[in-house]
Amino acid sequence: MKVAYLGPHGTFSEEAAHRYFKDEHIDWHICDSVPEVLEAVGDGLADWGIAPIENAIEGTINMTVDSLLVNDLYIAGEVILPVSLHLLGTEGTKEEDIQEVWSIPPALAQCREYIRSLKVKTRHFDSTASAAEAIREAGRNDVAAVASAYAGDLFGLVKVRRNIEESYENQTRFVVVTKDKKAPADAKKTMLQVIPSDEYTGVLSSILNVFSALNVNLTWIESRPTKKKLGAYQFFLEAGYGVQNPLIDKAVAVLQTYGHEVNILGSFSATKLD
Ligand SMILES: O=C(O)C(=O)Cc1ccccc1
């Protein structure tokens, strides 16, 4: 079985992948960016992929939501991983000498306040670990990376400042995706994409009412542009029942009678890591 995740070694994605698939014999397919992970599964280069979709501080990771759709993937699992971010530099780096901080944008966003307080520039990388690796290769004392303690150890960096994110309860949610649109038997949540038939006053509230009328809890809601014209949005709704529950079929049927396009993007249960 081949599983794709965001590399290089030392990313949070690697930790999530290794801990989620711990009991199986896996052929790992390490990718250079989050969109490439989902593309690898879409193109059949890997059977499964794991990608970050939501962070407790920064919210939705849009590149994952968008790439899920482009590659026609099914979410069959979810992993919640505690994450701690540190400012990492080469030996001898002093906080006051840092001019630039390097990392993947969602990680930089989780420590926005701290980075603003340093009054430094930021540089975007494709992962926390690729930023840490670049700091080691640069061998400079005026740049630092935002990454995990594990990445710091791997690339021989020291912690210039610990726990720089804006919450001590920081967690990231990853989705486990595949091409096969089959829900696991124990699925407890369903992810739906709803593309409204038209723009009219109250369209979102009428969509949400379908779920409240059926007493189906929604655990996540996100809107993304349809990318067709300015102001046209589609909605992602995560319902608190697996797809095998008749209430999900009912909700989909009602939404379709309203003329909305509804796609089931996945059904899964959560794995919480500590
Ligand atoms: O860059 C990484 O280490 C990733 O796996 C992506 C990511 C970035 C920020 C928080 C969690 C995961």
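Select residues 192–269. Their end C-alpha atoms lie 15 Å apart, and the span is 29% helix and 35% strand. Helices (H or I, at least four residues) and strands (E, at least two) are DSSP runs, numbered from the N terminus. UniProt lists this span as "domain: ACT", in an unreviewed entry. UniProt annotations may be inferred rather than shown by experiment; positions follow the numbering used here, and feature names are shortened.

This is a predicted model: local features need pLDDT of at least 70, side-chain atom pairs count only at pLDDT 80 or more, and totals for chains, interfaces and linings use all residues. Residues are numbered from 1 along each chain as its sequence is written, and side-chain values use heavy atoms, leaving out hydrogens and water.

Next, select residues 2–179. UniProt gives this stretch as "domain: Prephenate dehydratase", again from an unreviewed entry. The span is 32% helix and 33% strand, with its end C-alpha atoms 13 Å apart.

Now show Asp 66 and Arg 224. They form a salt bridge, with the closest N and O atoms 2.6 Å apart. The pair links distant parts of the chain: Asp 66 sits in helix 3 (residues 62–70), Arg 224 in strand 13 (residues 218–225), 158 residues apart. A salt bridge here is a side-chain nitrogen of Lys or Arg within 4 Å of a carboxyl oxygen of Asp or Glu. Both partners are buried. Buried means under 20% relative accessible area, exposed over 50%, partly exposed in between (1.4 Å probe, protein chains only). The structure holds 14 salt bridges.

Move to Glu 238 and Lys 189. Their closest N and O atoms are 3.3 Å apart, in another salt bridge. Glu 238 is in strand 14 (residues 233–239) and Lys 189 in strand 12, 49 residues apart. Glu 238 counts as buried, at 1% relative accessibility. Lys 189 is buried too, at 16%.

Step to Ala 187, in the loop between strand 11 (171–178) and strand 12 (189–195). Its relative accessible area is 4%, so Ala 187 is buried.

Finish on the surface. Asp 32, Glu 36, Glu 39, Asp 43 and Asp 126 gather in a patch of negative charge. Such patches take residues with over 30% relative accessible area and no salt bridge, joining like charges within 9 Å. Asp 126 lies in the loop between strand 8 (121–124) and helix 6 (128–138). Asp 126 is partly exposed, at 46%.

Technical notes: Patches are made of residues with over 30% relative accessible area and no salt bridge: like charges are joined within 9 Å, nonpolar side chains (Val, Leu, Ile, Met, Phe, Trp, Tyr) within 5 Å. Accessible areas come from the Shrake-Rupley method with a 1.4 Å probe; for residues, only the protein chains shown count as cover. Lys and Arg count as positive and Asp and Glu as negative; His and the chain ends are not counted. The place of a charge is taken as NZ of Lys, CZ of Arg, CG of Asp or CD of Glu.
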